[in-house]
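Me: Hi! Could you walk me through this fold with me? I'll ask as we go.

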Amino acid sequence: MAERKIIHLDCDCFYAAVEMRDDPSLRQVPLAVGGAGPRGVVATCNYLAREYGVRSAMPGAEARRRCPDLVTVPVDMHRYRRVSRQVMAIFRELTDQLEPLSLDEAFLDVTGVEAHQGSATLMARYLRQRVHDEVGITVSAGAAPNKFLAKIASDWQKPDGLFVIRPEDIDDFVKTLPVEKLFGVGKVTAGKLHAMSATQCGELQRFTLDQLVERFGRHGARLYHMARGEDNRPVVVTRIAKSVSVERTFSQDLPNRDACYRVMEALVEDLERRLERKADRKPIHKLFVKIRYSDFSTHTLERIRDNIAVPGAEDFQPLVEALYTDASRPVRLLGLGVRFREEDAPTQQLRLFE
């Protein structure tokens with residue numbers, strides 16, 4: 001079987017990039033999208049703002065404390081979605097083996113693509129140039145034999161960068177890769193790995209699969225394979241969904257449950273926009289929430305909620321409260337969604353003891 005060729009493409013500070021494209025006066029100032037008001041949260045910011053320590057998911061008040069000259073503009077999801085459709089359409093011209101991860105990033109499997117001499121490097125360079133010329137924003141790209149390495153590579157020379165990891169480069173690349181670069185390795189896990197004298201993947205390779213599973217559970221198996229640059233996950237092409245959901249991964253973990261509640265309003269608004277576009281959707285049958293903690297453990301909870309047209313934050317809050325039992329555990333990702341009723345599902349659920 002041919003060696004996989006995977007490209008990960010990630011638009012640089014996407015929301016802020018669209019705002020700076022449409023208003024050139026914003027290009028030379030520290031800019032935050034979202035975060036206005038006493039309870040506002042920064043959705044994203046440009047690189048000038050990041051130099052002051054401003055980050056996505058940061059309370060707006062904290063962002064303005066760190067950067068008094070910060071310019072804040074409101075989130076305009078309709079515009080960002082329109083730009084995202086332009087970007088994804090360019091990607092799909094190259095291959096239909098595309099897995100969008102969010103509005104601004106996607107994996108492409110270009111293994112069998114013959115264009116651009118069959119070179120993933122040339123394909124990534126071509127796509128970045130197309131987006132720059134036709135959409136007016138920059139994209140960073142990583143090319144590698146698997147998804148894990150491609151995503152690491154796309155972040156290697158951000159912003160507006162391209163980094164390639166060839167099959168023959170993998171061993172040398174991962175040996176010096178800091179363990180903090182591995183998915184799911186936050187401060188707590190990194191501290192445990194450092195205590196084991198494993199600050200780089202080459203040092204982590206000294207431990208057997210059984211040793212890491214015993215120490216870290218299921219995440220230990222992921223650590224074992226990632227430390228060797230291994231990842232067999234295929235690119236999953238988007239299909240007709242039986243659900244609609246939104247989720248956000250935070251560059252800095254949310255510290256507690258109250259912080260999750262503060263960002264829920266923006267997530268619910270995003271979900272509502274997605275639902276509005278599905279004019280032919282079936283009735284909502286369930287609501288669900290997804291939480292990924294800083295140790296990369298992921299938990300979901302869903303509940304039946306018939307006879308609800310558009311759920312609000314107050315509808316999801318009981319699920320978050322029930323799922324998030326340790327109210328001070330750092331959260332890496334928060335997601336909300338709905339599942340639609342299947343055609344052959346009963347129109348009413350009977351109660352067991354009635």
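Me: How many bridges join strand β5 to β6, and do they run parallel or antiparallel?
Reply: Four bridges join β5 (residues 98–102) to β6, and the two run antiparallel. Strands count as paired if DSSP finds at least two bridges between them. Helices (H or I, at least four residues) and strands (E, at least two) are DSSP runs, numbered from the N terminus. This is a predicted model: local features need pLDDT of at least 70, side-chain atom pairs count only at pLDDT 80 or more, and totals for chains, interfaces and linings use all residues. Residues are numbered from 1 along each chain as its sequence is written, and side-chain values use heavy atoms, with hydrogens and water left out.

Me: Thanks! What stands opposite S102?
Reply: That is E105 in β6. β5 and β6 form a hairpin, with two residues between them.

Me: And what is the strand order in the open sheet?
Reply: The order is β5-β6-β1-β7-β8, five strands with mixed pairing. β5 and β8 are at the edges with a single partner strand each, so one side of each has no neighbour in the sheet. On average, neighbouring strands are turned by 15 degrees against each other, direction ignored.

Me: How do β1 and β6 pair?
Reply: They are antiparallel, over five bridges. H8 stands opposite F107 in β6.

Me: Switching to helices: which strands does α4 lie across?
Reply: α4 lies across β1, β5 and β6, and runs at about 160 degrees to β5. Axes here are lines fitted to C-alpha atoms, for helices over the stretch in contact (heavy atoms within 4.5 Å). Angles run from 0 to 180 degrees between N-to-C directions.

Me: Which residues of α5 are buried?
Reply: A120, M123, A124, L127, R128, R130 and V131 are buried in α5, where buried means under 20% relative accessible area (1.4 Å probe, protein chains only). Seen down the axis of α5, they fall within an arc of 160 degrees, so they line one face of the helix. That arc is taken from the directions from the helix axis to the C-beta atoms.

Me: What covers them?
Reply: The cover includes β1 (6–11), α4 (77–94), β6 (105–109), β7 (139–144) and β8 (162–164).

Me: Last one: which residues have the most contacts inside the largest nonpolar core?
Reply: I7, F14, F91, L108 and I137, in a core of 40 residues. Such a core is a set of buried Ala, Val, Leu, Ile, Met, Phe, Trp, Tyr and Cys residues joined through side-chain atoms within 4.5 Å. α4 gives the most to this core, with eight residues.

Technical notes. Buried means under 20% relative accessible area, exposed over 50%, partly exposed in between (1.4 Å probe, protein chains only).
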